[in-house]
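Here is a short report on a protein model. Look at the sequence and the structure first, then read on.

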Amino acid sequence: MPTTPAPAATAGHPERPLRIATVQTQAVAGDISANAAQAAELIREAADAGARLVLFTEKFLSGYEPELIRTDPLEYTVQPGDPRLAPIADACRETGTVAVVGAAVQDGADLLISALVLGADGGFVTRYDKQHLFKAERDLYRPGTAGCTLELDGWRLGLGICYDSGFPEHARAAALDGCHAYLVGALFSVGHGHHESRVWFPARALDNTVYTVLANHIGRTGSWHTCGGSAVWGPDGRLIAEASEDRREVVVVDLDPTVLRTTRETETLLTDLALAAGRPTGERTRFTLS
């Protein structure tokens, strides 16, 4: 029978803290150049506070505008070499900061919802494509086929996009790949969306003893009224820092290796998962009650 691989995360921990920023601001509908300029400003602001990595929201560069994107995909999607990304690349290079920026991407005939990773030298590093598409996205976008782990200053960081975070298996795959944190750019709306985010992110954190980081939109984008609240949860599932519902903000947090190690010594979920790998779960009994 299939076995669960032993988590690479149990093999080691980072040696020093990693300061990261999750940011929120109002995206300008369809204006990639304006949003790239905003992103550059936020990267510089986060870098001034010592951040090594800045996380942006889902589809930040266009706003969450599926109907607009449908009308002219070439205009409202980006590619890694897109000249409109130059302000972001410049800000990363000038500050030595990594950026993870949400965008709609056209790859051949396919449209994807992606997170573009630009390195501290301003160069394109990789692209993660959203694997779990929300029902309203499936007639326009193709799902991604692979997860993505970044390594920065000894930290392993798993990437997700919005609805990915609702599936425990997605964050678990990152943890099994040795990730210490799970970074998600998203769109959560007021009401039920806010409720989902406050259930999913602490659960993904504690399930896997990883830091979880959310970057969410503010204001209206497309047909959605979003709820802000970009935040960071510790590996024990407790909230560490949280932005407001509706203001442009940069939330800067240190991911602490001592906290990570101590939590994993107390909450031994990953270690116990490794011990249980391959262990038969036994027959399942079923009873019908009258």
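## A buried pair of rings

Phe188 has a relative accessibility of 3%, so it counts as buried. Phe201 also counts as buried, because its relative accessibility is 0%. Buried means under 20% relative accessible area, exposed means over 50%, and partly exposed lies in between (1.4 Å probe, protein chains only).

Phe188 and Phe201 form an aromatic pair. Their ring centres are 6.1 Å apart, with 80° between the planes, and the pair is edge-to-face. Rings of Phe, Tyr and Trp (its six-membered ring) pair if their centres lie within 6.5 Å; planes under 30 degrees apart count as stacked, over 60 as edge-to-face, and the rest as tilted. The pair links distant parts of the chain, 13 residues apart. Phe188 lies in the loop between strand E8 (181-186) and H6. Phe201 is in helix H6 itself. Helices (H or I, at least four residues) and strands (E, at least two) are DSSP runs, numbered from the N terminus.

## How the model was read

This is a predicted model: local features need pLDDT of at least 70, side-chain atom pairs count only at pLDDT 80 or more, and totals for chains, interfaces and linings use all residues. Residues are numbered from 1 along each chain as its sequence is written, and side-chain values use heavy atoms, leaving out hydrogens and water.

The structure holds 9 aromatic pairs. In one of them, the ring centres of Tyr163 and Trp200 are 6.3 Å apart and the planes meet at 45°, so this pair is tilted. Tyr163 sits in the loop between strand E7 (155-161) and helix H5 (168-176), while Trp200 is in helix H6 (residues 192-208). They are 37 residues apart. Tyr163 is partly exposed, at 23% relative accessible area. Trp200 counts as buried, at 16%.

One aromatic cluster includes Phe188, Phe201, Tyr163 and Trp200.

Strands of a sheet pair through backbone hydrogen bonds, either parallel or antiparallel. Here, 6 strands form an open sheet with mixed pairing, in the order E5-E4-E3-E2-E1-E14. Two strands pair if DSSP finds at least two bridges between them. Strand E5 (124-129) and strand E14 (249-255) are the edges, and each pairs on one side only.

How many bridges join strand E1 (residues 18-24) to E14? There are 7, and the two strands run antiparallel. Ala21 has Val252 in E14 as its bridge partner.
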